[in-house]
Amino acid sequence: MEFKAGELAALTGGKLQGDADTIITGLHAFDMAGAGELTFAGGPKYLARLDRCRAACVFVPVGFDKPAPMTTIAVADPKIAFFSVLIKTHQPYKPEPGVHPSAVVAPTAQLGRDVHVGANAVIEDDAVIGDATQIGAGACVGRSTRIGARSVIHPNVTLYYDIQIGDDVIIHSGTVIGADGFGYVEHEGRQIKIPQTGTVVIHNGVEIGSNVSIDRATFGATVINEGAKIDNLCQVAHNVQVGKHAILAGQAGVAGSVQIGDYAVLAAQAGVRDNITIGERAIVGAKTGVSNHVRPGEMVFGIPAREIGEAKKQLAALSRLAAHVKPLLQLARKAKNEEAP
Amino acid sequence: MEFKAGELAALTGGKLQGDADTIITGLHAFDMAGAGELTFAGGPKYLARLDRCRAACVFVPVGFDKPAPMTTIAVADPKIAFFSVLIKTHQPYKPEPGVHPSAVVAPTAQLGRDVHVGANAVIEDDAVIGDATQIGAGACVGRSTRIGARSVIHPNVTLYYDIQIGDDVIIHSGTVIGADGFGYVEHEGRQIKIPQTGTVVIHNGVEIGSNVSIDRATFGATVINEGAKIDNLCQVAHNVQVGKHAILAGQAGVAGSVQIGDYAVLAAQAGVRDNITIGERAIVGAKTGVSNHVRPGEMVFGIPAREIGEAKKQLAALSRLAAHVKPLLQLARKAKNEEAP
Amino acid sequence: MEFKAGELAALTGGKLQGDADTIITGLHAFDMAGAGELTFAGGPKYLARLDRCRAACVFVPVGFDKPAPMTTIAVADPKIAFFSVLIKTHQPYKPEPGVHPSAVVAPTAQLGRDVHVGANAVIEDDAVIGDATQIGAGACVGRSTRIGARSVIHPNVTLYYDIQIGDDVIIHSGTVIGADGFGYVEHEGRQIKIPQTGTVVIHNGVEIGSNVSIDRATFGATVINEGAKIDNLCQVAHNVQVGKHAILAGQAGVAGSVQIGDYAVLAAQAGVRDNITIGERAIVGAKTGVSNHVRPGEMVFGIPAREIGEAKKQLAALSRLAAHVKPLLQLARKAKNEEAP
């Protein structure tokens, strides 16, 4: 890639200050960017350090008009502008279409146009793979599982049988979709396995990180709705419904039959007990354990989860009370003694 | 499947109310069941909503005798009755016996009768696979590892060398059994690896979810006893002993040399530090961090874990004290000042 | 193996008490060791039980001179002495060099001397594998990824493209290195994926457990420095830097751009939020959630993390205050009422 700063200003509708002919050959983070590189100042903290930045060109927010040692482009949202350039200029690697001779594709499987099937991948009976979809090396696609178009199944992913996956879905390595949900009834001293007769449905535009587990439903389907993003090592139990564009950060876990609203966010290592509803655009803090429904837009924190303001209040109270625990206990004992006789 | 309600009543020893000729063609959850479907009312909450249920037939508890809009069958335990029907009518898929031509089976490996070995699976030297056991596509069975009869090793499972696995064991995809335990000694500024010379023994009837890690012992064996159930993404460290029919829910983690009693339950995301004993039928709450032994039958919660009653008392106390933190601190300061002179 | 106790004393520079001709044929843990076996007494707790130990020979600390029912060898550090014998006598299994005929190795890949490539492994274009390195069955090495000498990549590991791995590195099964970092910008109601253009660099002597996820950087590299040890099911997000000889215990998680100092320890299930610095030799307690920088050598605990002394003080205070919550609340209400008029 090679751009001139003036072209980037035109592309992003920004206002250029400095040399429009500045040559841009790469993009990098603010503190790492060097000669020929573009970056962005994501807030006051970065703007204050602009004179120490070594980038050739920086996206700054509209209204910032101090002198800068490099070319700047003022835009409404520097972060969005920067990443839109990154997205435009980034060419993701596409393997050649075709089935590697070492791959095992069942004769009854249907492959669309321009499908790539990597070395030692396995596609079982009656599976259907949409146009331009990639199946990575060593990945297994179970019988009757259907994948849409332009999806990327990375190496060593395992898709069980009868799963449905949409278009433009990305699933990273080590992830397992459609294993049996964790259901037993204790009977005469044994855990009897409850058959998991349902499936998993993953809608368009979902991305799932590495080593994620998404279980099939007991009945019906575990559903990941359009555009949701699930980070590495997350656990999604049977019958869960994840809303559109919702986010599950690393190692979050969701127990059976939970409903997560559109645009809701579970921060890292959060957990939600079974049969809970998390409202639209709600935020569950990191390491939080949710045991009651969370209202739309609400932010909760703690174990068990409380509204964030209440959680902070309790944490602050404990810190302050702990500093005065001795006189408090003396008062309490005295009051009790006075009351007793 | 197709049953008449009268047949189900006979099968479960229940008392039918309504039309014994009601045709049942499927099973479903209470809120999802529709025409031709069987479900169960698992408690008062469901019984109260019985008139809104669209199922053709419902298992209800003995003693429930109100009129219902569908055929009912009264049984001692509706949930058990329902799932016993599900288990009876569910036909799990069995792949054809035989070794796929793309699988790599060492000449010294021994395969029992009716073993299935999937595409691109690998079975190393001196491994022993019992009758009717299935090895999924892409799974690896290390040298000298022994698996009993009727077990199901799903695709892309990894079993290291010298592991012992019993009969009727199910291991889901992505799970790794027998990797080295995490043991080092710091010596002259480096972490020196302690050889993990032991093994893993998994007894009959155990089910292990997807992406689970169970490490081999330093000496002796990490042991998962009969009928225990381990959910997705659990961590079982070296030398751990998991009791019979014990349950580890999703993302639970158990450090080295922990002993978990029979029928004990670790709820989701719980953790247990090394060398701890969890008593028989003890329950460790979700997200709990256990750092002391837990007595048989005891239920604990919190970080660090406390007896559940004490944990709840502390949570309630904090919530109430936080609401009065100002006057409490004033009293404490006043008492301190009075004392000081 | 077969040793005489006298040889072990000479080997470790220890002082033998008892029979120098005692034959040692194996090593085991203190409580498990039996006839012909060597063990060590790691502290007063074990020394006090020495007369119940059935080992043939025990390493004890210098200065311990009580009579023992077996041969003893007094050394400065019994644990180090014991494990040094274990390391000396343990012969890790080495598969034969060579490429299994079922493996798929791209013609442009470069393999060093004595490389082992297991059955159904896949090595993509331009990958470079150093001398005596082992690639396990079913493992995938992405294009242009480089691995040094004497490293062990266990079965079913996935290495994405352009990753750099040093010498003497061990990576256990199910682990995924170099998947895309979890980066999106919300724009017009959708999460837009930020291309992850960086890489992962893993330095010499690192060991990584099973089912670990280490993501590639957005720009630059996620770096695991020399000798660091990462346990099973850990999450290492994009742009993280893990210090030399640092330790991440089971299921620990580290968010984007975190810097972990040399020799720092994250205990099991700990989590660190993005952009945090953990100082050299700092210790993050089990299940702790770090949201502020941690100073070198500091130990922190709790959610959110506090200095360990403060955390313990708060826990103790809560326990004591909860026992007196009634009189405390009465006092608070009374004080409030007195103030009010």
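In the predicted model, chain A holds an open sheet of 9 strands with parallel pairing. The strand order is E10-E13-E16-E19-E24-E27-E30-E33-E36. Strand E10 (110–111) and strand E36 (277–278) of chain A stand at the edges. Each has a single partner strand, so one side of each lacks a neighbour in the sheet. Within the sheet, strand E13 (residues 128–129) of chain A runs parallel to strand E16 (residues 146–147) of chain A, and 2 bridges join them. There, A:Val128 is placed opposite A:Arg146 of E16(A).

Pairing was also examined in chain B. Strand E24 (residues 199–202) of chain B and strand E27 (residues 221–224) of chain B run parallel and are joined by 4 bridges. B:Thr199 has B:Ala221 of E27(B) as its bridge partner. E27(B) is in turn joined by 2 bridges to strand E30 (residues 241–242) of chain B, again in parallel. Here B:Ile224 is partnered by B:Val242 of E30(B). Strands of a sheet pair through backbone hydrogen bonds, either parallel or antiparallel.

The phi angle of B:His245 is positive, near 60°, in a residue other than glycine.

Cis peptide bonds were found in chains A and B. In chain A, the bond that joins A:Ile303 and A:Pro304 is cis, with omega about -5°. A:Pro304 sits in the loop between strand E39 (299–301) and strand E40 (306–307) of chain A. In chain B, the peptide bond from B:Ile303 to B:Pro304 is cis, and its omega is near -5°. The loop between strand E39 (299–301) and strand E40 (306–307) of chain B holds B:Pro304.

The relation between the chains was then computed. Two copies of a chain are related by a rotation about an axis and a shift along it. Chain A superposes on chain B by a rotation of 120° with 0.0 Å of shift along the axis, at an RMSD of 0.1 Å. The two copies are therefore related as by a three-fold rotation axis. For chain C on chain A, the turn is 120°, the shift along the axis is 0.0 Å and the RMSD is 0.1 Å.

Chain C meets chain A through 61 residues, which are in contact with 59 residues of chain A. The size of an interface is often given as the accessible area lost when the parts come together. For chain C and chain A, the buried area is about 4,800 Å². Carbon and sulfur atoms give 65% of that area. In chain C, the residues that lose the most area to chain A are C:Phe182, C:Gln191 and C:Phe219. Together they account for 14% of what the chain C side buries.

The rule finds 3 salt bridges between chain C and chain A. In one salt bridge, the side chains of C:Lys193 and A:Glu207 meet at 2.8 Å, N to O. Several elements of chain C give two or more residues to the side that touches chain A, among them strand E21 (176–179), strand E22 (184–187), strand E23 (190–193) and helix H5 (325–339). H4(C) gives the largest share, 7 residues. By class, this side of chain C has 28 nonpolar, 23 polar and 10 charged residues.

Technical notes. Residues numbered from 1 in each chain as written. Chains lettered and ligands numbered in written order. Predicted model: local features only at pLDDT ≥ 70, side-chain atom pairs only at ≥ 80, totals over all residues. Heavy atoms only, no water. Contact = heavy atoms within 4.5 Å. Buried area = accessible area lost by both parts, 1.4 Å probe. Salt bridge = Lys/Arg side-chain N within 4 Å of Asp/Glu carboxyl O. Nonpolar A, V, L, I, M, F, W, Y, C, P; charged D, E, K, R; others polar. Least-squares fit on C-alpha atoms with pLDDT ≥ 70 in both. Pairing = 2+ DSSP bridges.
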